Amino acid sequence: MTADLFETVPDVRPSREAMADGAVLLRGFVKPFESDLIAALREIVAQAPFRRMFTPGGHQMSVAMTNCGSAGWVTDRSGYRYDGIDPNSGQPWPTMPTVFCQLAVQAAIAGGFDGFAPDACLINRYEPGARMSLHQDKDEQDFAAPIASVSLGLPAIFLFGGPKRADKPRRYRLEHGDVVVWGGPSRLFFHGVAPLADGEHALLGHQRINLTFRKAR
Ligand code: SIN
Ligand code: FE2
């Protein structure tokens, strides 16, 4: 074998970028899961379509959501919570597909968190202009487990702050296939997404899809 042969092999290893103590950006981590993941996503959305929920204050969110897994995150006039039942259908949320779970568990390990067992996957759909204001993920029963957050489709600017709302967030451009994992010391850090710029993604069109894996219960 010659050195040339090795030089022609593309470097497909995902990169690992520290964002804070306990938080990492894994660029390109989705690649080996991509086709199975998108096929499974299409099945979930056929069973439990995206819908724009209302905040307890009565505002309709710009991001459309659905869920899979035994616990789904919902919001309505009575508050934010996890519920095993999709309020639109009265049926349980679709089961979390194996490929979803494998991706989340492996990303958590790559982020330094062994033993992640997500029971909730919130699926967010951003159309151009949709945004998510700074918030903490704190509706889960315990904060020992990390969050794993998968980006698909159009790129977005992810805002990652600190433990206080007033902490100035850093801006990260998340592309199709990137995963962010945060837990431990940064588990309750404020985060959000800037208004999505228009564009067209080859697989997903004019939208960004985010999968947020959590251990809710
Ligand atoms: C979220 O915090 O639920 C969504 C984050 C994202 O869309 O990247
Ligand atoms: Fe969040």
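This is a predicted model: local features need pLDDT of at least 70, side-chain atom pairs count only at pLDDT 80 or more; totals for chains, interfaces and linings use all residues.

Trainee: Which residues are the protein donors of the iron ion (ligand 2)?

Mentor: The donors follow the spacing H-x1-D-x53-H along the chain, and they lie 2.1 to 2.2 Å from the iron ion (ligand 2). Two of them link distant parts of the chain, since strand E7 (residues 132–135) and strand E12 (residues 191–193) supply histidines 56 residues apart. The protein donors are His-135 (NE2), Asp-137 (OD) and His-191 (NE2).

Trainee: What is the arrangement of the four donor atoms around the iron ion (ligand 2)?

Mentor: Four donors count as tetrahedral only if all angles lie between 85 and 135 degrees. The angles at this iron ion run from 90 to 173°. The arrangement is therefore irregular.

Trainee: Is His-191 buried or exposed?

Mentor: Buried means under 20% relative accessible area. His-191 has a relative accessible area of 4%, so this residue counts as buried.

Trainee: Which residues are joined into one network by salt bridges that share partners?

Mentor: Glu-140 and Arg-187 meet in a salt bridge at 2.9 Å, N to O. Glu-140 lies in the loop between E7 and strand E8 (147–153) and Arg-187 in the loop between strand E11 (179–182) and E12, so this pair ties together parts 47 residues apart in sequence. Glu-140 also forms a salt bridge with Arg-214, at 3.6 Å, N to O. With the shared partners taken together, the network consists of Asp-137, Glu-140, Arg-187 and Arg-214.

Trainee: Are Arg-214 and Glu-140 buried or exposed?

Mentor: Arg-214 lies in strand E13 (residues 208–214) and Glu-140 in the loop between E7 and E8, so their pair ties together parts 74 residues apart in sequence. As for accessibility, both Arg-214 and Glu-140 are buried.

Trainee: How does Asp-83 count at 25% relative accessibility: buried, exposed or partly exposed?

Mentor: Asp-83 forms a salt bridge with Arg-81, the closest N and O atoms being 3.9 Å apart. Arg-81, at 29% relative accessibility, counts as partly exposed. Buried means under 20% and exposed over 50%, so Asp-83, at 25%, counts as partly exposed.

Trainee: Which strands are the edge strands of the open sheet of four strands?

Mentor: This sheet has the order E7-E12-E9-E10, with antiparallel pairing. An edge strand pairs on one side only. The edge strands are E7 and strand E10 (170–174).

Trainee: What is the bridge partner of Phe-158 in E10?

Mentor: Strand E9 (residues 156–160) and E10 pair in the antiparallel sense over five bridges. Phe-158 lies in strand E9, and its bridge partner in E10 is Tyr-172.

Trainee: Is the aromatic pair of Phe-100 and Phe-213 stacked, tilted or edge-to-face?

Mentor: Phe-100 belongs to helix H3 (residues 98–110) and Phe-213 to strand E13, 113 residues apart. Their ring centres are 6.0 Å apart, with 75° between the planes. Planes over 60 degrees apart count as edge-to-face, so the pair is edge-to-face.

Trainee: Which residues form one aromatic cluster?

Mentor: The rings of Phe-158 and Trp-182 have their centres 5.8 Å apart and their planes at 40°, so this pair is tilted. Both Phe-158 and Trp-182 are buried. The cluster is formed by Phe-158, Phe-160, Trp-182 and Phe-189.

Definitions and conventions:
Residues are numbered from 1 along each chain as its sequence is written. Chains are lettered from A and ligands numbered from 1 in the order in which they are written. Side-chain values use heavy atoms; hydrogens and water are left out. Donors are N, O and S atoms within 2.8 Å of the metal (3.2 Å for Na, K and Ca); water is not among the atoms, so sites may look incomplete. Four donors count as tetrahedral if all angles lie between 85 and 135 degrees; four count as square planar and six as octahedral if opposite donors are over 155 degrees apart and all others between 65 and 115; anything else is irregular. Helices (H or I, at least four residues) and strands (E, at least two) are DSSP runs, numbered from the N terminus. Buried means under 20% relative accessible area, exposed over 50%, partly exposed in between (1.4 Å probe, protein chains only). A salt bridge is a side-chain nitrogen of Lys or Arg within 4 Å of a carboxyl oxygen of Asp or Glu. Two strands pair if DSSP finds at least two bridges between them. Rings of Phe, Tyr and Trp (its six-membered ring) pair if their centres lie within 6.5 Å; planes under 30 degrees apart count as stacked, over 60 as edge-to-face and the rest as tilted.
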